[in-house]
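Dear colleague,

I am passing on a structure that you have not worked with before, and I would be glad if you looked it over with the notes below beside you.

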Amino acid sequence: MIGLRNITIGFAAGAVGGLAWYAGIWILIQVGLIPGQMAGTLLAKSLLYKQMIWGGVWGILLAVPVLDRMWWLKGFIIGCVATAAAVFYFAAGAAWPAQRIAIAVLLNGVFWGFGAGFWYWLATSGNRR
């Protein structure tokens with residue numbers, strides 16, 4: 001059964017994943033995968049706050065008791081579901097080139113997913129003994 005404690009930890013883990021997502025933006029700008037002219041827009045504090053809140057909302061799914069031992073896979077899957085929601089629902093009708101989708105999967109699946117999944121696993125690992 002999903003308890004309020006696990007839902008709260010999931011939200012917090014998702015917010016930490018939002019920080020990891022933001023760090024991923026900075027890394028991808030430094031590496032050159034994201035053009036430098038977009039840096040000002042992508043590194044705005046308002047985007048950080050938005051990602052932490054939405055990351056927290058998506059992080060609630062971490063409380064679902066499936067794939068608990070494979071936190072990295074669970075986080076990656078939830079991040080990819082968030083990417084699919086962004087591409088097909090929230091930005092319906094907008095053109096998403098393949099490169100932009102790949103970067104979104106990298107940011108949401110890898111940076112957010114691993115960050116949020118690891119934080120959730122770390123915060124709840126005491127419950128599994």
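The crossing of H1 and H5 is a right-handed one, in a model that, please keep in mind, is predicted. The two helices H1 and H5 pack with their axes 7 Å apart and at an angle of about 140 degrees, which makes H1 oblique to H5, since the limit above which an angle would count as roughly antiparallel is 145 degrees. As for the residues that form the contact of H1 with H5, 18 are nonpolar, 9 are polar and 1 is charged.

H1 also packs against H3, and there the angle is about 140 degrees while the axes are 6 Å apart, which means that H1 is oblique to H3. In passing H3, H1 makes a right-handed crossing.

As to H1 itself, this helix runs over residues 4-31, and its 28 residues reach 40 Å from the first C-alpha to the last, which is close to the 40 Å expected at 1.5 Å a residue. Just after H1 comes Gly 32, whose phi is positive, at about 105 degrees.

The other pair that I would point out is H4, which covers 71-90, and H5, which covers 98-124. The axes of H4 and H5 come within 7 Å of each other and cross at roughly 140 degrees, so that H4 is oblique to H5. The crossing in which H4 passes H5 is right-handed.

Which helices supply at least two residues each to the lining of the largest pocket? They are H1, H3 (45-59), H4 and H5, and the largest share of that lining, 7 residues, comes from H5. In total, 28 residues line the largest pocket, and those that lie nearest its centre are Trp 21, Gln 51, Ala 86, Trp 96 and Asn 108. When the lining of the largest pocket is divided by class, 21 residues are nonpolar, 5 are polar and 2 are charged.

With best wishes

Technical notes. Residues numbered from 1 in each chain as written. Predicted model: local features only at pLDDT ≥ 70, side-chain atom pairs only at ≥ 80, totals over all residues. Heavy atoms only, no water. 1 Å grid on protein atoms, 1.4 Å probe; cavity = no way out; pocket = protein on both sides within 12 Å on 5 of 7 lines; lining within 4 Å. Helix = DSSP H or I, 4+ residues; strand = E, 2+ residues; numbered from the N terminus. Nonpolar A, V, L, I, M, F, W, Y, C, P; charged D, E, K, R; others polar. Expected span 1.5 Å × (residues − 1). Axes fitted to C-alpha atoms, helices over the stretch in contact; angles between N-to-C directions. Parallel < 35°, antiparallel > 145°, perpendicular 65-115°, else oblique. Left-handed = near helix turned anticlockwise from the far one by under 90°.
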